[in-house]
Every structure is written in C-alpha cells, then in structure tokens.
Amino acid sequence: MKFKKLEISEKVIQRLTEYLSILKDVQKYENEINSIELSKIMNTTSAQVRKDLSTFGDFGVRGKGYDISKLIEIIEDILGINKVNNVIIVGHGKMGEMISSNRNVLGKGFQIVGIFDKDKNKIGKVVSDNLEIRDVNGVKEFRENFCGEVDTAILAVVKEQAQFAAEQLVKNGIKAILNMTTYKLELGSDITVVNIDISAKLQELNFWRLNKEEK
Ligand SMILES: NC(=O)c1ccc[n+]([C@@H]2O[C@H](COP(=O)([O-])OP(=O)(O)OC[C@H]3O[C@@H](n4cnc5c(N)ncnc54)[C@H](O)[C@@H]3O)[C@@H](O)[C@H]2O)c1
C-alpha cells in the first residue's frame, strides 16, 4: 500500500519508529499492549497513539489493545524494513567510515552494497565486509549491474560538495538521500531527503536542558 506524503506528517513517521523500538522491548515480556500503556512509555496521550496508528489502518481490538508481534509486523511493513533495502555510501571520510565500519548503525532492513568517493587515494581500497571503495563516477554503472534495486544513498561528502554530489546521484538514478551534511539540498520533489545533524540535535537538547521546569 502507498501512503501520500501530504496526508502523513513527518512527526507521525518519527513516532512510528519510536513505537517500533518500544514494542520490540515490550515484546520480550508481553504479548499485548493497549494505547494507554504505550502512551505512558511514549510520554504522550492514548488518544495520540490511537490517532497515529489509525492513520495506517484499524489494528487494535476494542478493550483488548494491540497484539504486539502483529503490530511490529505491520509497522515494519509500513516502514518497508520487512525486506532488505540496498544502500550506498557516498563520501568515505570520517563519517562514511563510521557508518560502514559499524553496520549496526543501520538497523534492521538495510544493507550497504556500495561505497563511493572521489579521492583517487581511497578508490580501490577494500574496507569492511570486503566492499571496495569505488569511483563516484561509477554509480550509474554500479546500479545498472547490481542484482537488485539501489535507490538510496547516504551522503557523507564535505558540505561544499553536497549539492553537486547529490545532483550527480539523482542523475544516476538515486531517489532517496540520507543527508549527513549540514547543506540544505535543493532537489526535485520526486527525491526524498532526510537530514541528520547531530549538532542541531545537541543544540535542541541544550535548549530543553536549560529550560527544564523544576518538578
Ligand atoms: N550528520 C552529522 O551529525 C555530522 C557530524 C559530523 C560531520 N558531518 C558532516 O559529514 C560530512 C562528512 O564529514 P567527514 O568528517 O567524514 O569529512 P571528511 O573530509 O573526513 O570526508 C569527506 C569525504 O567525502 C569525499 N568527497 C568529497 N567530495 C565528494 C564527491 N563529490 N563525491 C564523492 N566523495 C566526495 C572526500 O574525498 C572524503 O573522503 C561533512 O559534510 C560534515 O559536515 C555530519
């Protein structure tokens, strides 16, 4: 089933990933959970939980709650992680290496199938899991010859190269970019971009730390 972006807010998807993580923990000792219990762990209201989950269908049983393993299955299906998604890393500096050398960072449903850089001194080097760093100019050929879809890239180039590198990726068929750079990419509306910025998150954290109300 396809969901229209306009109908679903980013926050709902963010919460969906949080529900999944909580459900996986709770599954270790419970088979069912109701919206009140889930809302307490999420620090939200039960109405919010019911509203979020009802965006995607009618999963709960009135008076009984949700079957946890079924709900996990449904959320994984919605997030498309019940199958393996192929991902390439573009830019294998400190950040790219941190990701490629620690596959756990990707979690369930994703595998790195290619690593690309423009640095001639890096190209040809074999890094974790026997993946060779390839020339970034070879993304198109790589995608065409790979047995499976490769639509997603993690962009970890220097900020100054971000827009150029992203445009090249799009020209070569990439449809979704996890943007690790702080550059605000401008790409067509058919391209999905999600930005990750640890520094911005720390600033946000700091604001809330400084403005925390005393209990
Ligand atoms: N998301 C975060 O929270 C976070 C944290 C730290 C750094 N960053 C950002 O991540 C990016 C990478 O940082 P780093 O410390 O790994 O930098 P780095 O200089 O160590 O590595 C950058 C790599 O990108 C390669 N590169 C440059 N232009 C390229 C292009 N057009 N195509 C392919 N490869 C190219 C370089 O050869 C190099 O290997 C930067 O934009 C940095 O600001 C993000």
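In which sense do strand β7 (residues 152-155) and β8 pair, and over how many bridges? The two strands pair in the parallel sense, over four bridges. Here helices (H or I, at least four residues) and strands (E, at least two) are DSSP runs, numbered from the N terminus, and two strands pair if DSSP finds at least two bridges between them. Residues are numbered from 1 along each chain as its sequence is written. The model is predicted: local features need pLDDT of at least 70, side-chain atom pairs count only at pLDDT 80 or more, and totals for chains, interfaces and linings use all residues.

Strands of a sheet pair through backbone hydrogen bonds, either parallel or antiparallel. Within β8, Ile177 is the bridge partner of Ala153. Both strands belong to an open sheet of seven strands with mixed pairing, in the order β5-β6-β4-β3-β7-β8-β9. Its edge strands, β5 (126-127) and β9 (192-195), each pair on one side only.

Strand β8 (residues 176-179) has Ile177 and Asn179 on a covered face, and Ala176 and Leu178 on an uncovered one. Helix α7 lies across β3 (85-90), β7 and β8, running at about 165 degrees to β7. Such angles run from 0 to 180 degrees between N-to-C directions, and axes are lines fitted to C-alpha atoms, for helices over the stretch in contact.

Helix α1 (residues 10-26) and helix α4 (residues 68-79) pack at an angle of about 145 degrees, with their axes 10 Å apart. The contact (C-beta atoms, placed from the backbone, within 7 Å) involves residues including Leu16, Leu20 and Leu23 of α1 and Ile68, Leu71 and Ile75 of α4. By class, this contact has eleven nonpolar, one polar and two charged residues. Ala, Val, Leu, Ile, Met, Phe, Trp, Tyr, Cys and Pro count as nonpolar, Asp, Glu, Lys and Arg as charged, and the others, Gly among them, as polar.

Finally, the ligand is surrounded by 27 residues, of which the closest are Gly91, Gly93, Met95, Thr181 and Ile198. A residue is near a molecule if its C-beta atom, placed from the backbone, lies within 6 Å of it. The shell has twelve nonpolar, eight polar and seven charged residues. Helix α5 gives the most to the shell, with three residues.

Terms used
Contact = placed C-beta atoms within 7 Å. Buried ≥ 20, exposed ≤ 12 C-beta atoms within 10 Å, placed from the backbone.
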